[in-house]
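Trainee: I have a structure to go through today. Can we take it one topic at a time?

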Amino acid sequence: MAPKKTVGILGGGQLGRMLTHPAALMGIPLLILDKGEFTPAKQTLLAPEGVAHPDGAFTSEEHIRALAKACDVLTVEIEHVNADVLAAVVAEGLCDVQPSPGTIRLIQDKYLQKAHLAAAGIPVAPFQALPNPSAADVKALASKLGLPMMIKARTLAYDGRGNAPLKSTDDAAIAEALAFLGDRPLYAEGWAPFVKEVAVMVVRNVAGEVRSYDAVETVHRDSILRVCSAPLRADGAAMRGVNERARQLAERAVATLDGAGIFGVEMFLLPDGSLLLNEIAPRPHNSGHHTIEACHTSQFENHLRAILALPLGDTGLRVPAAAMVNVLGVDANMGPVEQMADDALAVPGATVHLYGKAESRKARKMGHITVTGSSDAEVRSRVRTLLSQQPDLDK
Ligand code: ATP
Ligand code: MG
Ligand code: MG
């Protein structure tokens with residue numbers, strides 16, 4: 001057998017942590033770059049013998065270069081890394097990087113990502129750049145795109161922290177939205193009047209083989225994912241074939257990007273059954289967490305297989321239905337998070353994941369709970385129980 005290649009992961013959060021589980025099963029050596037010795041991912045897998053997980057920022061040139069020298073392939077569990085250094089690492093032949101640094105760089109800027117997808121003929125909501133925004137600029141865009149309108153940070157956005165919905169063009173509403181977004185490059189999107197949000201995980205290996213998972217329904221509140229249900233169900237004639245259409249659109253969108261790995265593709269399902277693409281994550285994604293318990297091969301295992309030029313695993317569901325409920329922090333107190341996790345242990349078919357984060361904060365992803373079941377109805381009822389045990393974030 002060929003010696004196992006060492007994988008370097010930029011980012012040591014919960015997605016990195018869930019990559020360590022299949023790596024342990026398959027005996028794949030991993031090195032995790034993040035600040036701190038005890039991040040979620042570093043807690044679950046030792047570094048190879050004689051080496052330590054590097055302690056440094058995943059944006060640090062020095063640390064990325066050192067990691068590249070110690071690894072055969074670098075990958076990311078977060079897109080907000082230093083794409084220029086990754087490109088240099090590839091150009092200098094130091095190490096393979098998957099997905100490609102160009103893909104990571106494109107996705108980092110949500111406006112450029114949208115422009116790329118639109119140019120490739122992928123349907124997206126109408127969008128416009130908003131350089132140096134003034135109240136007058138915002139009003140002019142709102143008259144083009146309509147209200148409500150979503151003003152978004154182009155970069156460093158996650159969990160809706162770069163999104164400000166604008167419902168009126170009152171000066172006060174505009175000032176509030178711009179103040180929330182702060183001094184960041186912005187753009188604006190027309191509102192997508194979705195009936196559901198949908199996501200599809202797509203994996204492509206180094207050889208170019210592509211597989212997608214069943215589409216899921218994702219439910220967000222205040223721009224943050226709360227519940228994800230698999231597979232997607234949508235009633236009515238307009239919705240016919242929506243799972244297959246979502247998979248095809250997601251595969252088509254990923255085909256416009258270079259590099260191997262798993263991609264999370266977020267979409268809006270409109271009342272007429274058509275789909276708009278929201279955004280793509282070039283990494284494992286929250287809407288694929290259920291694949292650990294519910295699919296033959298999880299998104300995390302398939303990501304490792306994809307970047308290591310190994311055969312891809314079966315993306316099919318191995319249970320009739322599944323769902324995932326995020327465990328969000330309420331405030332700095334860890335108590336409500338631990339209580340929800342403990343309560344979930346009594347729910348049949350539930351698997352608890354806590355990420356080992358040292359600090360809780362309001363709306364921070366602290367863990368998740370997956371439930372599987374023999375029918376949609378059974379899973380829905382289990383989700384209702386979990387949600388009734390969830391602490392109230394708005395108190
Ligand atoms: P993520 O954590 O997925 O990276 P993000 O911070 O990049 O999220 P988006 O995915 O752009 O943010 O938006 C988060 C959520 O806000 C969406 O899932 C959706 O619920 C809502 N949203 C975003 N854009 C629009 C839009 N144009 N119309 C309606 N709702 C939207
Ligand atoms: Mg995003
Ligand atoms: Mg998103």
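Predicted model: local features only at pLDDT ≥ 70, side-chain atom pairs only at ≥ 80, totals over all residues.

Trainee: Metals, then. Which protein atoms hold the magnesium ion (ligand 3)?

Mentor: Its protein donors are Glu266 (OE), Glu266 (OE) and Glu279 (OE), at 2.0 to 2.6 Å. Donors are N, O and S atoms within 2.8 Å of the metal (3.2 Å for Na, K and Ca); water is not among the atoms, so sites may look incomplete.

Trainee: Where do Glu266 and Glu279 sit in the fold?

Mentor: Glu266 is in strand 13 (residues 261-269) and Glu279 in strand 14 (residues 275-281), so the pair ties together parts that are 13 residues apart in sequence. Helices (H or I, at least four residues) and strands (E, at least two) are DSSP runs, numbered from the N terminus.

Trainee: Is Glu266 buried or exposed?

Mentor: Glu266 counts as buried, with 13% relative accessibility. Glu279 counts as buried too, at 19%. Buried means under 20% relative accessible area, exposed over 50%, and partly exposed in between (1.4 Å probe, protein chains only).

Trainee: What is the geometry of the site of the magnesium ion (ligand 3)?

Mentor: Irregular, with angles of 54 to 172° among six donor atoms. For the terms, four donors count as tetrahedral if all angles lie between 85 and 135 degrees; four count as square planar and six as octahedral if opposite donors are over 155 degrees apart and all others between 65 and 115; anything else is irregular.

Trainee: And what coordinates the magnesium ion (ligand 2)?

Mentor: Glu279 (OE) and Glu279 (OE) do, at 2.2 to 2.4 Å. Glu279 also bridges to the magnesium ion (ligand 3), and the two ions lie 3.8 Å apart.

Trainee: Next topic. How many residues are in the largest nonpolar core?

Mentor: There are 27, and Val265, Met267, Leu277 and Ile280 have the most contacts inside it. A nonpolar core is a set of buried Ala, Val, Leu, Ile, Met, Phe, Trp, Tyr and Cys residues joined through side-chain atoms within 4.5 Å.

Trainee: Which elements supply this core with at least two residues each?

Mentor: Helix 4 (101-108), strand 9 (196-204), helix 8 (242-254), strand 13 and strand 14. Helix 8 gives the most, with six residues.

Trainee: What about the second largest pocket: what is its volume?

Mentor: About 320 Å³. On a 1 Å grid over the protein atoms alone, a cavity is a set of points where a 1.4 Å probe fits but cannot get out, and a pocket is an open set with protein on both sides within 12 Å along at least five of seven lines; lining residues have an atom within 4 Å of a point. Grid points are joined across faces, edges and corners, and a volume is the space filled by probe spheres set on the points.

Trainee: Which lining residues are closest to the centre of that pocket?

Mentor: Of 17 lining residues, Glu217, Ser229, Pro231, Arg233 and Arg380 are the closest to the centre. Helix 12 gives the most to the lining, with four residues.

Trainee: And the largest cavity: what lines it?

Mentor: Arg226, Leu328, Gln390, Pro391 and Leu393 line the largest cavity, which holds about 30 Å³ of space.

Trainee: Last topic, the backbone. Where are the cis peptide bonds you noted?

Mentor: One joins Gln98 and Pro99, with omega about -5°. Another runs from Leu147 to Pro148, with omega near -10°. Pro99 lies in the loop between strand 4 (96-97) and helix 4, and Pro148 in the loop between helix 6 (135-145) and strand 6 (149-153).

Trainee: Which residue has a positive phi of about 55°?

Mentor: Leu156, although it is not a glycine. Leu156 is exposed, with a relative accessible area of 54%. Ala363 has a positive phi of about 70°, but Ala363 is buried, at 18%.

Conventions
Residues numbered from 1 in each chain as written. Chains lettered and ligands numbered in written order. Heavy atoms only, no water.
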